[in-house]
Amino acid sequence: MASQQQDAGTGAYLIRGAAILGGAPEDLLIRDGIIAERGQDLSADGATVIEAAGLVALPGMVDIHTHLREPGREDAETVETGTRAAALGGYTAVHAMANSTPVADTAGVVEQVLTLGRTAGWVDVRPVGAVTVGLAGEQLAELGAMADSRARVRVFSDDGICVHDPVLMRRALEYVKAFDGVVAQHAQEPRLTAGAQMNEGEVSAVLGLTGWPAVAEESIIARDVLLAQHVGSRLHVCHVSTAGSVEIIRWAKSRGVNVTAEVTPHHLWLTDELARSYDPVYKVNPPLRTDADVQALRAALADGTIDVVGTDHAPHPSEHKECEWAQAAMGMTGLETALSVVQHTMIETGLMGWADFARVTSTAPAAIGRLTDQGRPLDAGEPANVTLVDPAARWTVDPSKMATMGRNSPFAGRELPGKVVAMFFKGHPTVLDGKLNTPYRWLPEQAQLPGTAAAGH
Amino acid sequence: MKHLLSTEDLSLSNAVRILDTAEEMAAVGEREVKKLPTLRGRTVVNLFFEDSTRTRISFEAAAKRLSADVINFSAKGSSVSKGESLKDTAQTLSAMGADAVVIRHWASGAPHRLAATDWIDAAVINAGDGTHEHPTQALLDAFTMRRHWSKLAGTPSAGADLTGMRVAIAGDVLHSRVARSNVWLLRTLGAEVTLVAPPTLLPIGVEKWPCSVSYDLDATLARGVDAMMMLRVQGERMNASFFPTTREYSRRWGFDDNRLRALDTLGFKDTIIMHPGPMNRGLEISSAAADSPRSTVLAQVRNGVSIRMAALYLLLSGDTREPAVRTNSTSSPSAHATKESH
């Protein structure tokens, strides 16, 4: 376990004996925001030593799909509380979805979210821009202005609502090519899901809850991959939840379509059987599916058909869950359980190793978001965004003890493997001994710098 | 039994116990003084989030015949319509000392939420939740069928189940809590159930239910039916393209005069015609069928009070023991596919 020795104030940290990506133990010397050295038996005078025998070192996790709720629903979550949760969960960057109030559909709002993230200092907050004005699905938002803003937006999404108009989706896909953007689609055919409450199938038939059929997701994905191919653009599919969607994405990739796909931790584990309790903590969009879908999603993540794990962290105030199922809000928290759930469902099942874990939780999502200083190898000269995990730890989920304001964890009461021990964000320890340390402090002039996304081509 | 939430998880022994108790309660209803002192001093709240005069007065009559105090709480014109949550409503009723809550709610699962949370400690009776279940309706239907079935066999109702009885249920199964509760309960009681509906009004997944499914009402009748239950069909379903017109629905799936005559032609002289009410005469059932001697519509209403008396009595009288499973039946609750997948 990590033991913190005296902090000599040099800002240097020597991580001793960590299994980098699960490999043989090595040391990492972190200094001045970068990994200064990687090797055996490193020494550095004055550096704070972190004994990391038994721990796994990973590139800081990058969430492609986070709801931080601010501005507008600070009763559900704030950038401060959401990014504390992110840091504790192993993340060094999160993409903040656009469905805030006001919607992040202008340069002003995305710059506000960027500034809130930098003020908090726990992780890199990368604002996602809305595709359409007010998420209304009628008119393109000023995508270029958001791309050129200090927030350097590259991911655009109406997440929560599907860009269902095929012409509008085509135009959005075409337009974001001008600045190497990507459209992240919430694939949900709206007419097939009017009033939908849960996966349509055997369980919904018994429970009398309006069904959300798999075809409503699959038909939109099929259309979108064909559109992306037609206009030669980049498509990201949010929260893939069905075995049929996996097949369509696999087919599209085999045809060379530039599509990436995401799966949430909860869709890797939980099924619609949980709805039998009528407990709205299990209500989420897209809904929990069947065990056959869960198995297909795991296989797809392991074979690369699905590129990334995105939490779809969606905190809600308790009154939005302590009610009838049909009245309840959709969504689950995820930032503080994602690592453990992926370890449980993918690593402990033998489907993946820690190097694969780093790919799906860090390298690939950073690439989708065009983040140049995230998802990097843990090598000398690279930015020091590092997650240290104790894979042997076991802990029981207690939502009341989480940093997120949301208490809506579907994993409450479950024992999970894997615990984040320490986090380095830009070389600064944001988490030590499994607890929040101090945030990274941007210098005033740095806080105004543009984001680190690559410039347009 | 602490609550009566669904028939899906109702054991054979408990189902038969409710039916047998209802027989005793029915005897009370035939006396000059239709009242028992059993639940004196107990408070039953009828908590109705959805209009249903028929079900509410049936529960009210049942509770009053058992001498319980009855409070009717309608969501309309109350604090509920001002945005008070189910949780607050339940806690309010709990604080007022409700012993039983009879809940009708438009949301599937609302009674389960009351029973599963610590919002209220009272016994919960599901009086119909969304498109999920309506267990007392199914019990009163089964009670009506059992009396008919026993009379034909020349044996007493008490203790009997419905082994061998052929029941067809026709109509909007997709949106019907009555159909769901009936399918589970009739399965448990040993009846053979056939659902008859347009494919658009059957839920995806119905093939896993413990019953047969048909799109053809005439073929179902021709194979032989002992009880024909018609479900209410709402005309506005037509606007959502569940079927083309009400006339086409009525021709294909309504119990019209031709089908009433067909029962005679086919020689099914003992087949009864059931409907949970309220009826759409001329849509799912013709007036001649509804008013024929085969119709049990009014008997169902009458039996509803007895069933609800039995449910209140069994939940509130303190005898919550599970009786021994009877051995005179070939059916078993564990033989049902969806139960096993719990």
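Predicted model: local features only at pLDDT ≥ 70, side-chain atom pairs only at ≥ 80, totals over all residues.

Modeller: Start with chain B: strand β3 (residues 100-105) and β4(B) pair in the parallel sense over 5 bridges. Strands pair here if DSSP finds at least two bridges between them. Residues are numbered from 1 along each chain as its sequence is written, with chains lettered from A and ligands numbered from 1 in the order in which they are written.

Biologist: Which residue stands opposite B:Val124 in β4(B)?

Modeller: B:Val101 does.

Biologist: And the sheet, what is its strand order?

Modeller: The order is β2-β1-β3-β4 of chain B, an open sheet of 4 strands with parallel pairing. The edges are β2 (69-74) and β4 of chain B. Each has a single partner strand, so one side of each is left without a neighbour in the sheet. The twist averages 15° from one strand to the next. Axes are lines fitted to C-alpha atoms, for helices over the stretch in contact, and angles run from 0 to 180 degrees between N-to-C directions. As for the labels, helices (H or I, at least four residues) and strands (E, at least two) are DSSP runs, numbered from the N terminus.

Biologist: How is chain B divided into domains?

Modeller: Domain 1 of chain B takes 12-134 + 301-323, and domain 2 takes 135-300. The bounds come from an automatic or database domain assignment. Taken over C-alpha atoms, the centres of the two domains of chain B are separated by 26 Å.

Biologist: Now the interface. What touches chain A on the chain B side?

Modeller: 23 residues of chain B are in contact with 19 residues of chain A. α3 (86-95), α4 (110-116) and α6 (177-189) of chain B are the elements that give two or more residues to that side of chain B. α4(B) has the largest share, 4 residues. By class, the chain B side divides into 7 nonpolar, 10 polar and 6 charged.

Biologist: Over to chain A. Where are its domain bounds?

Modeller: The assignment gives domain 1 of chain A as 12-57 + 383-442 and domain 2 as 60-368. Their contact takes 32 residues from domain 1 of chain A and 42 residues from domain 2 of chain A. On the domain 1 side, β16 (386-396), β17 (415-425) and β18 (428-432) of chain A each supply at least two residues. β17(A) gives the most, with 6 residues. This side of domain 1 of chain A has 21 nonpolar, 9 polar and 2 charged residues.

Biologist: Which residues make the contact?

Modeller: A:Val79, A:Glu80 and A:Thr83 of α1(A), and A:Val113, A:Leu116, A:Gly117 and A:Ala120 of α2(A). That contact has 4 nonpolar, 2 polar and 1 charged residues.

Biologist: What about α6(A) and α7(A), at what angle do they cross?

Modeller: Roughly 10°, and the axes of α6 (residues 214-231) and α7 (residues 243-254) of chain A come within 9 Å. α6(A) and α7(A) are therefore roughly parallel to each other. The residues of their contact divide into 7 nonpolar, 2 polar and 2 charged.

Biologist: Last one. Which strands of chain A does α1(A) touch?

Modeller: First, the sheet: 3 strands in the order β6-β7-β8 of chain A, open, with parallel pairing. α1(A) packs on that sheet, touching β6, β7 and β8 of chain A, and its direction makes about 135° with that of β7(A).

Key
Contact = placed C-beta atoms within 7 Å. Nonpolar A, V, L, I, M, F, W, Y, C, P; charged D, E, K, R; others polar. Parallel < 35°, antiparallel > 145°, perpendicular 65-115°, else oblique.
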